[in-house]
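I opened the model today to look up a few helices, strands and loops. These entries keep to what I could read from the coordinates.

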Amino acid sequence: MKLLFVTSEAAPYSKTGGLADVSSGLPAALAALGVQVKVVTPLYRAVAEGDHPLATLKSTFQVNFRGRELHGRVSVHRLQPDLSYYFIGRDEFFDRSFLYGTPQGDYFDNADRFIFFSRAALAACRLLRFRPDIVHCHDWQAALIPALLKHSPESHPFWQKTRSVLTIHNLAYQGVFSQEYMPVSGLPPDLFTMEGLEFYGQMNFLKAGIVFADRITTVSKTYAKEICTPEFGYGLDGVLRQHKASLTGILNGVDYASWDPADDPHIARHYSRSDLSGKLLCKQELRQIYGLTGLPGNPLIGMVARLVEQKGLDIILEAVDGILKTGADLVILGSGEDRYHKELGALARRHKGRIGVRIGFDQALAHKIEAGADIFLMPSRYEPCGLNQMYSLKYGTIPLVRATGGLEDTVREFDPKTGRGNGFKFKTYSAPALISSVRRATALYKQKDMWASLVKNAMRADFSWDTAARKYLSLYERVLG
Ligand code: ADP
């Protein structure tokens, strides 16, 4: 089977969040199952300046864009015979400091950038004479593709047998832009209806994917149900209910080659389920990095996240005093919205020695937090899948999460009576509910034997990509009939 995998970020080349990890783990797992995979993603500045052995193809592709023939370059990194990453180069769109926008807000021309990218991905395929059976598109940045395949100059006989799959990694990001982009997209004006991609008078890229893809998936079973409700649907729940028959939830996997405390180059000392002694050293190092001065035996809560509303920052800010009262210290790594940078910075100054905050994107520090913390905090308002809780299970760092989306599907409340469970969960999105589960966690932390068996349960987790890849493969096979 031939697969084109279109994504706006892919680790280790470019990353703002979980999509990048999926775009490295899933293609590799599919290739291991015998699928021929070509991943297409933009050549951002970070990719071009990174240390990757890219080869740039001599020939270029063309996209007719705003009345001009725009040429684009394709660079390639061949990882294995059946797995290559192709990078779409066009400097005016992608040679920038960030992927989607600065901390002050989105780039003003994101519609142009990702219309170009989507059309370029298809043009590059034709340049490569690669006729995929399936085009698997991810999130709004690639969601016009199912519509382009069926209804545009790109819907050439070349694509006749190709089917499309859209994966929604986060429904809150939809790519909603002015109707004026319809002609830029190359799609016929008659698709601008309620049944098509119109959304309250504007164009909605993600809706185009939902309506025109042959299958829709999202990244956990619970999130697949949640997005069909008004609370989580961000205005698209009605459309999703209409397409419910073609919507499936498939949980993301973990790339254990990068996330395993027994073999992690970023952490102070390796450890495993059978020998946890190194974890204490990882904690010491983490406390040092953050300048914590409380008792070394205090439970240490860690958090790594994009600093956006979704991640539960408002209830964390409200719950801080209650959390500190339990005796726990807190370290946070993240970047995102300016207002949270400021508020968290102020928090760290106010509670110097007990709370540490680093603003920035730092992969090595993310690994150190996974290894060095005792408890990993994810009080998300919603969480399509969430990767960090799965990483933290492997690191014996107990996830404390709100019961939503993939967090609900991967974390089970520890029951001291039966000794079953791998973490702590709360339902109501509120500071008191968060504090009460921190109390449960820190109380259990004091019972060393109990805690040790909880850690052992957690480290048994296995979310390898192979399981998810087999589910995607059988979904592709069903789509192809
Ligand atoms: P989301 O996709 O919503 O950002 P996930 O939990 O699915 O959330 O994935 C987040 C990924 O991004 C994880 O691999 C996490 O370690 C990483 N990450 C997020 N913020 C940072 C940061 N500031 N520095 C390093 N890694 C980060």
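**Entry 1**

I began with helix α8 (residues 205-212), which lies across β11, β12 and β13 and runs at about 55° to β13; axes here are lines fitted to C-alpha atoms, for helices over the stretch in contact, and angles run from 0 to 180 degrees between N-to-C directions. Helices (H or I, at least four residues) and strands (E, at least two) are DSSP runs, numbered from the N terminus. I noted that this is a predicted model, in which local features need pLDDT of at least 70 and side-chain atom pairs count only at pLDDT 80 or more, while totals for chains, interfaces and linings use all residues. Residues are numbered from 1 along each chain as its sequence is written, and side-chain values use heavy atoms, with hydrogens and water left out.

I then traced the sheet itself, which is open, has three strands in the order β11-β13-β12, and is paired in the antiparallel sense. β11 (176-177) and β12 (198-199) stand at the edges with a single partner strand each, so one side of each has no neighbour in the sheet. Two bridges pair β11 with strand β13 (residues 202-204), and I found Phe 177 bridged to Met 203 in β13; two strands pair if DSSP finds at least two bridges between them.

In the loop between β12 and β13 I came to Tyr 200, which has a positive phi of about 50° although it is not a glycine. Tyr 200 counts as exposed, because its relative accessibility is 74% (buried means under 20% relative accessible area, exposed over 50%, partly exposed in between, with a 1.4 Å probe and protein chains only).

**Entry 2: strands β1 and β2**

I next looked up strand β1 (residues 2-6), which runs parallel to β2 and is joined to β2 by five bridges. Leu 3 stands opposite Val 37 in β2. Strand β2 (residues 36-42) is mostly covered, with six of its seven residues buried. In the loop between β1 and α1 (18-32) I found Pro 12, joined to Ala 11 by a cis peptide bond with omega of about 5°.

**Entry 3: Gln 141**

Is Gln 141 buried or exposed? Gln 141, which I located in helix α5 (residues 139-142), is buried, because its relative accessible area is 6%. Leaving aside neighbours within four places in sequence, I found Gln 141 in contact (heavy atoms within 4.5 Å) with Ser 8, Tyr 100, Phe 114, Phe 117 and Ser 118.

**Entry 4: α12 and α15**

Finally I followed helix α12 (residues 277-289) and helix α15 (residues 363-372), whose axes come within 8 Å and cross at roughly 125°. The two helices are therefore oblique to each other (angles under 35 degrees count as roughly parallel, over 145 as roughly antiparallel, 65 to 115 as roughly perpendicular and the rest as oblique). The contact residues include Cys 282 and Leu 286 of α12 and Leu 365 and Ile 369 of α15.

The buried residues of α12 are Gly 278, Lys 279, Cys 282, Lys 283, Leu 286 and Arg 287, and I saw that they pack against β16 (300-307), β17 (329-336), α15 and α18 (431-446). After α12 comes Gly 291, with a positive phi near 65°.
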